[in-house]
Amino acid sequence: ATRFEATKLRPTGRTSRGVRAMKLKKGDTIADMNVLEGKRVGTDEFVLCVTSNGFGKRVSTNEFRATGRGLVGVIAIKFKKGKELEDRLSCFCVVKEEDEFL
């Protein structure tokens with residue numbers, strides 16, 4: 001996961017390719033993306049990571065340090081040893097303490 005200010009993104013035209021948000025290692029893919037409101041970062045917001053094997057993890061947004069745009073980022077969830085190829089991140093969403101899921 002990577003976190004950076006939206007003001008660090010320069011405006012581009014419709015036909016441009018855009019700018020690099022995150023550097024990926026070989027075999028990595030982007031699973032999901034969310035936007036945090038600057039004034040609410042870390043107050044009562046959490047990131048919920050859910051894997052394809054049904055495991056979930058809720059992490060405070062404060063635990064994701066702000067980095068520069070285009071960097072590698074930090075690990076949001078680790079998978080069991082030997083199961084890395086079987087399990088994948090399915091969902092990565094911003095939630096609040098009082099949210100319920102089905």
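# Briefing: a three-stranded predicted model

Ser 60 is found in strand E2. The model that holds this residue is predicted. The protein has three strands and zero helices, and its elements run β-β-β from the N terminus on. Of the 102 residues in the protein, 20% are buried.

**Overall make-up**

- The accessible surface of the protein comes to about 8,100 Å². Carbon and sulfur atoms account for 51% of that surface.
- Among the contacts in the protein with a separation of 6 or more, 66% are between residues 24 or more positions apart.
- The structure contains zero aromatic pairs, and a search of the whole structure finds zero disulfides.
- The count of salt bridges comes to one.

- Ser 60 is buried, because its relative accessible area of 17% falls under 20%.
- Leaving aside neighbours within four places in sequence, Ser 60 is in contact with Glu 45 and Phe 46.
- The C-alpha atoms of Ser 60 and Glu 45 are separated by 6.3 Å, and the two residues are 15 apart along the chain.

**Phe 46 in strand E1**

- Phe 46 has its place in strand E1, which covers residues 45–51.
- With a relative accessible area of 15%, Phe 46 is buried.
- Phe 46 and Lys 96 are 50 residues apart along the chain, and their C-alpha atoms are separated by 5.9 Å.
- Over the face of Phe 46 lies Arg 58, at 4.2 Å from the ring centre.

**Arg 58 and the salt bridge**

- The side chain of Arg 58 meets that of Glu 97 in a salt bridge, with an N to O distance of 3.6 Å.
- Arg 58 lies in strand E2 (residues 56–60) and Glu 97 in the segment after strand E3 (89–96), so the pair ties together parts that are 39 residues apart in sequence.
- Arg 58 is partly exposed, with a relative accessible area of 43%.

**The cysteines Cys 91 and Cys 93**

- A disulfide is a covalent bond between the sulfur atoms of two cysteines.
- For Cys 91, the closest cysteine sulfur is in Cys 93, at 3.7 Å. The cut-off for a disulfide is 2.5 Å, so this distance is too far for a bond.
- For Cys 93, the closest cysteine sulfur is in turn that of Cys 91, at 3.7 Å and too far for a bond.
- Cys 91 counts as partly exposed, at 25% relative accessibility, whereas Cys 93 counts as buried, at 18%.

**Thr 51 and Ser 90**

- Thr 51 lies in strand E1, and Ser 90 is found in strand E3.
- Thr 51 is buried, with a relative accessible area of 4%. Ser 90 is partly exposed, with a relative accessible area of 45%.
- Beyond residues up to four places away in sequence, Thr 51 touches Ile 77, Phe 79, Asp 87, Arg 88, Leu 89 and Ser 90.

**Ala 66 in a loop**

- Ala 66 has its place in the loop between E2 and E3.
- Ala 66 is exposed, because its relative accessible area of 58% is over 50%.
- Ala 66 and Thr 2 are 64 residues apart along the chain, with their C-alpha atoms separated by 7.3 Å.

Technical notes. Residues are numbered from 1 along each chain as its sequence is written. This is a predicted model: local features need pLDDT of at least 70, side-chain atom pairs count only at pLDDT 80 or more; totals for chains, interfaces and linings use all residues. Side-chain values use heavy atoms; hydrogens and water are left out. Rings of Phe, Tyr and Trp (its six-membered ring) pair if their centres lie within 6.5 Å; planes under 30 degrees apart count as stacked, over 60 as edge-to-face and the rest as tilted. A charge sits over a ring if NZ of Lys or CZ of Arg is within 6 Å of the ring centre and within 35 degrees of the ring normal. Buried means under 20% relative accessible area, exposed over 50%, partly exposed in between (1.4 Å probe, protein chains only). Helices (H or I, at least four residues) and strands (E, at least two) are DSSP runs, numbered from the N terminus. Contact means heavy atoms within 4.5 Å. Accessible areas come from the Shrake-Rupley method with a 1.4 Å probe; for residues, only the protein chains shown count as cover. A salt bridge is a side-chain nitrogen of Lys or Arg within 4 Å of a carboxyl oxygen of Asp or Glu.
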